[in-house]
Amino acid sequence: MSLIKKAARYLHRYLGWASGLVVLIICATGAILLVQPEVERALEPGKYTIPRHDGAPLDWDEFIARLEASESASFAEPTTVTVARIIQERGARRATYLLLNARDAHDSWTYQCYADPYVGEGVAYGASRALEFFRTVRQLHTRLCLPAKIGRPITGYSCLVFMLVLLTGLIRWLPRRLNNKSLWRNALTLTLTKGGSRALFDLHNVLGFYSALILLGLAFTGAWLGLGWFRDGFNRSIGLETAPRPIRQFDCPAWQGEPATLQAIMDAQAQQTPEACAYDIRFGKSAHAPLVITPRPGFAGFCYQTSYYWDRGNATLLGVDSYKALSGPYKVASIMLPFHKGQIFSDFSRYLFLLICLIACMLAATGYWLSFNRWRRTEQSAKATEGKPKSDKNNDVPTTDVNR
């Protein structure tokens, strides 16, 4: 065991030196990306929050009709605007996000709109003002703002090295005597009142243990995203290449006359998912394409959201696309990216992973600081040893003149 811990000590130290700076950048930018929704809402509160209204919001069909009419009339040239997608969150003062298709005599385009569901008019347009900032942060996170052929391998291999750093750190964390309760208590308890050096060591050692499992998952999925050979090898190991690819195609049968109202479909959807906190509604390109509704869960909802396909002719449910219907390999592959982005369990995992990323930044910083302190103590000890005279143990004769 002592030989293993000695090897782990050197691997942990030198691999940490090699990857620590890149890991610090990746984790710091990852923490920034995790708070993107909160930053965007803070910068532009009027885009996401509407004034308080008395009464109930418009029903779905009247809301869409008013919005399409007001948006079509807002252009100088005759333009037809139709709704392609709606995201409606639960809340009396939440603005509704819409993706709108516009077409005039010369061209067609798509734009984003935030609307007031009580009056059916747009209140804000376009992407967030912080979009360019977060795009730069994402480039720094994924490829260090370098060309993709250079930056992605650097971050990918740094994630692999970081996995080894974490594993060797866990070996170093184990108490010297596994049957000693006092040593286990010290290894699991954070102590900050016994001097700065002990506090730094405990921050690195104890918090590193508690965050190691999630950090291993983040490093693994980071390597999976950044290194093609690693991703292909893992996909082959779980049988993804041989597993049947899920195909979800639900076509509406032909129908005559007016389609069912969106309000009728949403009422039926509410009966299917009464616990939903938001709805993502996608309209097909043609009138006979199914209406796809994805209820969004609450604070700790699972990342793979079930989608419901509705017949727009008579408001009947055509089918459901759920996580349970996926084969085993696709179940694993479908959660790799959401896990890395901290979205595996909605806002709960996002806030948890934010804390873990901050701890990872602290681990890199304290790791360098502890190494610097060790190097400084070694230098001071060497200088102190140089100033002392060497004693000759084999010569016991005093240094006096014997011939006197």
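Because the model is predicted, local features need pLDDT of at least 70 and side-chain atom pairs count only at pLDDT 80 or more, while totals for chains, interfaces and linings use all residues. Residues are numbered from 1 along each chain as its sequence is written, and side-chain values use heavy atoms, with hydrogens and water left out.

**Helix α1 and its partners**

Let's start with helix α1, which covers residues 2-34. Helices here are DSSP runs of H or I with at least four residues, strands are runs of E with at least two, and both are numbered from the N terminus. Axes are lines fitted to C-alpha atoms, for helices over the stretch in contact, and angles run from 0 to 180 degrees between N-to-C directions.

| Pair | Angle | Axis distance |
|---|---|---|
| α1 and α5 (residues 131-143) | about 150° | 9 Å |
| α1 and α2 (residues 36-43) | about 55° | 5 Å |
| α1 and α6 (residues 148-173) | roughly 140° | within 7 Å |

By class, the contact of α1 with α5 has eight nonpolar residues, three polar and one charged. Ala, Val, Leu, Ile, Met, Phe, Trp, Tyr, Cys and Pro count as nonpolar, Asp, Glu, Lys and Arg as charged, and the others, Gly among them, as polar.

The pair α1 and α2, at about 55°, is oblique. Here I32, L33 and L34 of α1 meet Q36, P37 and E38 of α2.

At roughly 140°, α1 is oblique to α6 as well, and the crossing is left-handed. Their contact includes I4, K5 and A8 of α1 together with I154, T155 and S158 of α6. It holds 13 nonpolar, seven polar and three charged residues.

**The sheet**

Next comes an open sheet of eight strands, ordered β4-β3-β2-β1-β5-β6-β7-β8 with antiparallel pairing. Two strands pair if DSSP finds at least two bridges between them. Strands β4 (121-125) and β8 (317-321) stand at the edges with a single partner each, so one side of each has no neighbour in the sheet. On average, neighbouring strands are turned by 30° against each other, direction ignored.

Helix α4 (residues 60-73) packs on this sheet and touches β1 (80-89), β2, β3, β4 and β5 (278-282).

Strands β2 (residues 96-103) and β3 (residues 108-116) share eight bridges, and A102 has W109 in β3 as its bridge partner. Between β3 and β4 there are four bridges, with C113 opposite Y125 of β4. In the hairpin of β3 and β4, four residues lie between the strands, and G120 takes a positive phi near 75°.

**A salt bridge across the sequence**

How many salt bridges does the structure hold? There are eleven, each being a side-chain nitrogen of Lys or Arg within 4 Å of a carboxyl oxygen of Asp or Glu. In one of them, E38 pairs with R350, and the closest N and O atoms are 2.8 Å apart. E38 lies in α2 and R350 in helix α13 (residues 346-386), so the pair ties together parts 312 residues apart in sequence.

Conventions:
Contact means heavy atoms within 4.5 Å. Angles under 35 degrees count as roughly parallel, over 145 as roughly antiparallel, 65 to 115 as roughly perpendicular and the rest as oblique. A crossing is left-handed if the near helix is turned anticlockwise from the far one by less than a right angle, and right-handed if clockwise.
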